[in-house]
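Please open the model in your viewer and keep the selection panel at hand. The tour below moves from one selection to the next and says what is found at each stop.

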Amino acid sequence: MKTYRRPMAGWWKRNPYYLWYMLREASCVFITVYALILLWGLMRLTQGEWRFEDWLESLATPKSIAFHAAALPFVLYHAWTWFKVMPKTLPYSRTPAGVIVASGITASVLCSAALFVAVWWFGLWSLP
Amino acid sequence: MSRTIAIEVLRYGPETDAAPRWQRYDVPFTDEMSVLEGLQYIKDHLDGSLTFRWSCRMAICGSCGALVNGTPKLSCETFLRDYFPGPLRIEALSHFPIVRDLAIDQGDFLKKLEAVKPYLINPDVPAGNTFVQTPEEMDRYYQYSQCINCLLCYAACPQYGLNEKFTGPAALALLHRYNADSRDAGKAQRMEVVNAEDGVWGCTLVGYCSEVCPKGVDPARAVNQNKIESTKDYFLRFLKK
């Protein structure tokens, strides 16, 4: 039987849903780089105080600030999609999907806020 | 009172066309007319050669799926009024070979459906031939049993479009429907399909399959729950030795 098979080239541009999916996948690149920078800092910390101070200084350069500013929306979007698919990846439960998504996002916002307050407000950063 | 809407259909005749082509029809319609009825109007009054599948006209047979303005839909429960004044573009379900016009070749899916053994496997039928099931046991599989094999989820799944070997959303959802059923004892036989390279691991959780399902089935959830099952299956075999 003669049939016609349509080509897949450019499939991700055919539907906004696919574009958002590709954006989710692309956001991993920013998250990977961000995680590597953090790991680098951790390694510097083990090498002594002045090495760590160097790393902190490198974070304050315009290039680093530009990267972090660009990465932030990608990380936030990735976090949102991660919680959005959470009900699909968990084992069977009778909890409504919306409740799972909302609890995940709420917990994440609260933890981030607590960490921010701890570091910024109470200066836990500068503890000896 | 009737209005007129422009409908463009992707036509393909294996005898005459090297590739599909768009053909436009101006269709008078009333508010209660579905896209399927629009196609029927074309066939009855404008062009008898237009080919499409349909049967029940009430979203239960799963025959009339098509891409409506690029979105997989059952044409019987999609209304022309929502697309006025058009042009409304209707195309055969994506990712499947076109046999003629809107008719696709579903042969590949039928083979996959057969492979997941979509029936209860249980040699131990209880006395009286009656299984007892609690509401929670039923809830574990019920939504997946609503699948009507309309293939909208395959048309929504780019992974299936890119790799035809991928078992795909509906077949995996139906596999899960039986594995999750407390009356069934055939899980071990179906795990081979789940664990295969083209089983659940072919899915990257695009999630569009669950969005387009006209029956409220969540194939993405079935597939991703089975990634956990597949992982358990893989690691637990070391303990079983």
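**Chain B as a whole**

Select chain B to begin: among its contacts with a separation of 6 or more, 66% are between residues 24 or more positions apart, where two residues are in contact if their C-beta atoms, placed from the backbone, lie within 7 Å. What you are viewing is a predicted model, in which local features need pLDDT of at least 70 and side-chain atom pairs count only at pLDDT 80 or more, while totals for chains, interfaces and linings use all residues. Residues are numbered from 1 along each chain as its sequence is written, and chains are lettered from A and ligands numbered from 1 in the order in which they are written.

The secondary structure of chain B consists of nine helices and seven strands, these being DSSP runs numbered from the N terminus (H or I over at least four residues for helices, E over at least two for strands). Along the principal axes, the C-alpha atoms of chain B occupy a box of roughly 70 × 40 × 30 Å. Of its 241 residues, 40% count as buried; a residue is buried if 20 or more other C-beta atoms lie within 10 Å of its own, exposed if 12 or fewer, and partly exposed in between, with C-beta atoms placed from the backbone.

**The two domains of chain B**

Now colour residues 3–104 of chain B as domain 1 and residues 107–240 as domain 2, bounds that come from an automatic or database domain assignment. The centres of these two domains of chain B, taken over C-alpha atoms, are separated by 30 Å. Between them, 13 residues of domain 1 of chain B are in contact with 13 residues of domain 2 of chain B. On the domain 1 side, β3 (65–68) and β4 (71–74) of chain B are the elements that give two or more residues. That side of domain 1 divides into eight nonpolar, four polar and one charged residue, where Ala, Val, Leu, Ile, Met, Phe, Trp, Tyr, Cys and Pro count as nonpolar, Asp, Glu, Lys and Arg as charged, and the others, Gly among them, as polar.

**Backbone details in chain B**

Most residues other than glycine have a negative phi, and most peptide bonds are trans. With that in mind, select Phe84(B) and Pro85(B), which are joined by a cis peptide bond with omega of about 5 degrees; Pro85(B) is in the loop between β4 and β5 (88–91) of chain B. Then select Gly86(B) and Pro87(B), where the peptide bond is cis with omega near 0 degrees, and Pro87(B) is placed in the loop between β4 and β5 of chain B.

Arg57(B) sits in the loop between α1 (35–46) and β3 of chain B, and with 17 C-beta neighbours inside 10 Å it counts as partly exposed. Lys117(B) has a positive phi near 50 degrees, lies in the loop between α2 and α3 of chain B, and is partly exposed, with 17 other C-beta atoms within 10 Å.

For the loop between α2 (107–115) and α3 (135–139) of chain B, select Pro126(B), which is exposed, with 10 other C-beta atoms within 10 Å.

**Chain A and its helices**

Move to chain A, which has five helices and zero strands. Its radius of gyration is 21 Å, well over the 14 Å that the globule rule gives for 128 residues, so chain A is more spread out than a compact globule; the radius is taken over C-alpha atoms, and the rule is 2.2 Å times the number of residues to the power 0.38. Of the 128 residues of chain A, 2% count as buried.

Select α1(A) and α2(A), the latter covering residues 49–59, whose axes come within 6 Å and cross at roughly 155 degrees. Axes here are lines fitted to C-alpha atoms, for helices over the stretch in contact, and angles run from 0 to 180 degrees between N-to-C directions. The two helices are therefore roughly antiparallel (over 145 degrees; under 35 is roughly parallel, 65 to 115 roughly perpendicular and the rest oblique).

**Where the chains meet**

Finally, show both chains: 20 residues of chain A are in contact with 26 residues of chain B. On the chain A side, α1 (16–46) and α4 (86–89) each supply at least two residues.
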